[in-house]
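Please look through the chain below before reading on.

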Amino acid sequence: MIPLTLRSHYSLMWGTASVKQLCRQAKLFGYTQIALTDTDNLYGMWSFIAACKEFDITPIIGAEVTDPNLAQRAICLVKNKEGYQNLTRLLTQRHTKNFSLAHCLPPLGSGLVVLTQSPELLTAWQDQGLDLAAALPRHPLSLSHPLCRTARRLNIPLVATPGNFFLNPKEIHTHAMLRAIDKNTCLSRLGVADLAPASAFLASADHYRKRFQLLPQAIENTWMLAEKLTFRGPDFGTVMPLFKEKTARDACILLRKKTFTGALRRYGQPLPGEVITRIEHELSIISQKNFCGYFLVVQQIVQRASRICGRGSGAASIVAYCLGITNVCPIKFNLYFERFLNPGRQDPPDIDVDFAWDEREGVLNWVLTKFKGHAAMVSSHILFQPRMAVREVAKVHGLPDQEIQKITSRLPWFWNLDEAAEALLTRIRKNPKFRALDFPHPWPGILAQAQAIIGTPRYLSVHPGGVVITPDPIDTYVPIETAPKGIPLIQWDKEGAEAAGLVKIDLLGNRSLGVIRDCIKTIESDQEAFTDFSRDDPEDDPKTQQQVALGNTMGCFYIESPAMRLLQKKSKVGDFSHVVIHTSIIRPAANEFINVYLKRLHTGEWDPIHPLMEDLLNETYGIMVFQEDVSKVAVHLAGFTHAQADGLRKIMSKKDKTLALGDYHTRFEEGAGQKGISRTDIQKIWDMIISFSGYSFCKPHSASYTRVSFQAAYLKTHYPAEFMAAVISNQGGFYTPFAYVSEARRMGVSILPPDILESQIKWEGKGSQLRVGFMSLKHLSAATMACIVRERKISPFQGLEDFFNRVTPRKDEIQALVHSGCLDRFRRNTSRSGLLWAFAAWQKKKDNPKKEPGLFDFIQMDQAVKPIPIPQLPPDHPTDLLRQEFSVLGFLCACHPILLFSRPIKAAKTLKAKNIPRHIGQRVGFAGWLITGKEVKTKKGDPMKFLTFEDETGILETVFFPRAYEKFCHALDYGKPYFLFGKLESDWGAVTMTVETTQQIQ
């Protein structure tokens, strides 16, 4: 018996088992061949091939194809390469066209074995040259069944295809839960047709023989059929895009020409010898690997945008630099090209490019149109994370949204799946955030059921930026689906695309590029033409370096997080090379090495762990900082080949790396031991390597982003108002507008309130003033903002009546405009309440135009603009005005909202942020507004948190160690003021408070 119809959890919202679980179970049952036939997709094909290799099972490639309009389906199993291409095209048609299984399958049936339970399809397809079989389902049929009679009449073999949707009988409950979630209903309302039968689990060959004992030939036919299925998966090699259908030789000639033309633009004439040598070296490898067309296609793409940031390992290429794909000179910054591409590298590298966030969609649309039929986005397989799982299961149980939100709002968005191996309820009860919550019935059951679906695929989404371009039609490589926005989407995620050899180009959106673009545009409109960094490098500007060294980088991409600003303060250096190191070393697992680095930086004294490392890491004070350092050390100390070292580097970022890392550790230990390195030193070096687990960066990536950081820092240093306006308008960054407004105020910039005649949709900065844009007003719709600006261009609003008539705002919009002070110029010596009264009067007349004039009807029938008499109302209380303004904007224009709590703060006798450095080592009190934070775990796995607070004078970084975090985490909420009491610590001049107690200021 060979299982020919296995379904994994990639049969979305039907299957429960992962591909690896299926293969492991099949191996335990003694199967040597199995087929994965997920419904309408090949999502799990590469995982299946890898798992079969791990468990020494022969894979059979296939899919179940369904008719979306009829209750018909067929299992398509691949015999050869032609059959695979036909299957991918068939699945593409299933997802992208008006699909009929009966009519669409026969033209694409060559190279496939087609099994179906439908007598009608068998009859319709009998003379169409298909390799057909009658698929006996889970339950044996009598010989008089229509399927058996039809197969006998047409001389078509009967084949046992019991199939599965779950791994064992117990998982039917998980299956039912998935079906209820998918149908958005409760379990009791599921019908028979909504569920797979209870027998739809993977069983042993003996079990199946008993099931099909009435038709034993059906079991034997599985072996007969499998002999035809010799295809074990596609072998595309490296799939590169073609450049205007040129031959590889033509593309290489053109690449050489474009590279040297770009080199003259970058370096001037004559070209330095080292530049020519580097270009020739790279071009020889690029030509050898047949990557010329790839570089040319990427250059075509980047020319579509106003500004870009080529990053990743590709930024080490001088060819990419000369083509304008990247902006960091690899010679100047000693960037290692072989990390990106070398003759021994087997997997395809990719070039990552960032565009301004609001230009990316246009660039992608251009790519997908330019290479139509040959290009598609990479997909993301969205899995159930704990929060999503709990929410969906609770909905199935009929719990109200408010109760569900109470629990799920405290769960992290992304919870490592290996952490979820522990019972979810147990783990949640350990979390101090849930200390005040009870979990009565039915919550224990809900959490247990949610546990069962964590990690199960939920749906397909679009990868943030990965696009694949192929020389042949893309649906001959991989099935294509259409995303809700109409974007073509390959069925594989980035790991699948990489396994297939499809070269991915990452085209991502970056808000900071939009910030820099808009800031420069503002400067150019107000002053002489800005050089846009074409004449001088911003990283060489002394004032900018000084601000970076002080950590005054809030708003500056990549170097604005609290941790990064603290590291800058501790290092006291702001030059480009050191910031490149800082942006790479500041990763979660490298904390202990950060402290070592700072000591070596300030003292200049350090010894390598072993003499063999003496000249290897001089640039980074003997510490592994960049991904390349792992490879360098593995080659130099343990005798790894470059390919093996790159494999070690790559495995560090994988989720399932424990087993593979063990093998590399053994190999590293043996190789280093042979060079006379002691076991103690080997372990120290290995510990430093392990600090790269999770995410880390290569030097070209850090250098590329650091250049963007310095451009932002330069603009902030020299054009603070224009820069902060661009930061807030582009809605990016690490902080909220509240924090950026405070930062602008600290730089001496005045915040001008929104004004109906002066404000634009976006924020505007000029000189030392920053004008609030309409975009920051809550409840103000995009349509109303656009209408205000459009009408105002025709003629200024003459008064309230004119504004109401021409814009016709909603009530909640008027409230936002009034409370923010936007309509204050129309107050005419009355209170803001009078403005709301006038709107009510106008609206009453508008809604009852034929009514006889009464007390509140002040608008003429011909809609002529006449002032609305506003009665004398009580004056506004200043505090009420501030609270209303804060409720609409989320900040105050004239002052910091902490000043609203001056009375309790004064009574508490706390320090101001600007005075904090004078009290190092003391236990003090501080009153601050919570603006951001980050939760981490100690080595023991206990949660703790770094939180950032500010008052009107400055910022204080705080640490809530596990005991304090457990005690207070449930009471901390962003955007509120708190009293903090604790001890002030100084680490290399960077001041933090270790919080001992806190309470919200009332």
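K572 sits in the loop between α22 (562-571) and α23 (576-585); helices (H or I, at least four residues) and strands (E, at least two) are DSSP runs, numbered from the N terminus. This is a predicted model, in which local features need pLDDT of at least 70 and side-chain atom pairs count only at pLDDT 80 or more, while totals for chains, interfaces and linings use all residues. Residues are numbered from 1 along each chain as its sequence is written, and side-chain values use heavy atoms, with hydrogens and water left out.

The phi of K572 is near 60 degrees, a positive value in a residue other than glycine. Y621 is not a glycine either, and has a positive phi of about 60 degrees. Its place is the loop between α24 (591-603) and α25 (627-638). Y621 is buried, with a relative accessible area of 16%; buried means under 20% relative accessible area, exposed over 50%, and partly exposed in between (1.4 Å probe, protein chains only). Most residues other than glycine have a negative phi, and most peptide bonds are trans.

Where are the cis peptide bonds described here? One runs from Q269 to P270, with omega near 0 degrees, and P270 is found in the loop between α10 (248-267) and α11 (273-288). Another runs from H441 to P442, with omega near 10 degrees; P442 lies in the loop between α17 (424-430) and α18 (443-453).

Helix α18 also takes part in a helix pair. The axes of α7 (residues 172-183) and α18 come within 10 Å and cross at roughly 90 degrees. Axes are lines fitted to C-alpha atoms, for helices over the stretch in contact, and angles run from 0 to 180 degrees between N-to-C directions. The two helices α7 and α18 are therefore roughly perpendicular to each other, a term for angles of 65 to 115 degrees, whereas those under 35 count as roughly parallel, those over 145 as roughly antiparallel and the rest as oblique. T174, M177, L178 and I181 of α7 make the contact with Q449, A452 and I453 of α18, where contact means heavy atoms within 4.5 Å.

Turn next to the strands. In β4 (residues 112-116), five of the five residues are buried. Strand β3 (residues 73-78) pairs with β4 in the antiparallel sense over four bridges, with L77 opposite V113; two strands pair if DSSP finds at least two bridges between them. The pairing of β4 with β5 (residues 131-136) is parallel, again over four bridges, and T116 has A134 of β5 as its bridge partner.

Further along, five strands close into a barrel in the order β17-β18-β19-β21-β20, with mixed pairing. Neighbouring strands of this sheet are turned by 50 degrees against each other on average, direction ignored. Helix α31 (residues 737-746) packs on the sheet, touching β17, β18 (943-950) and β19 (955-960), and its direction makes about 45 degrees with that of β18. Seven bridges join β17 (residues 923-937) to β20 (residues 977-987), and these two strands run antiparallel. G928 stands opposite Y978 in β20.

Finally, the whole chain. It has 38 helices and 21 strands. Along its principal axes the C-alpha trace spans about 95 × 90 × 60 Å. Of the 1002 residues, 55% count as buried.
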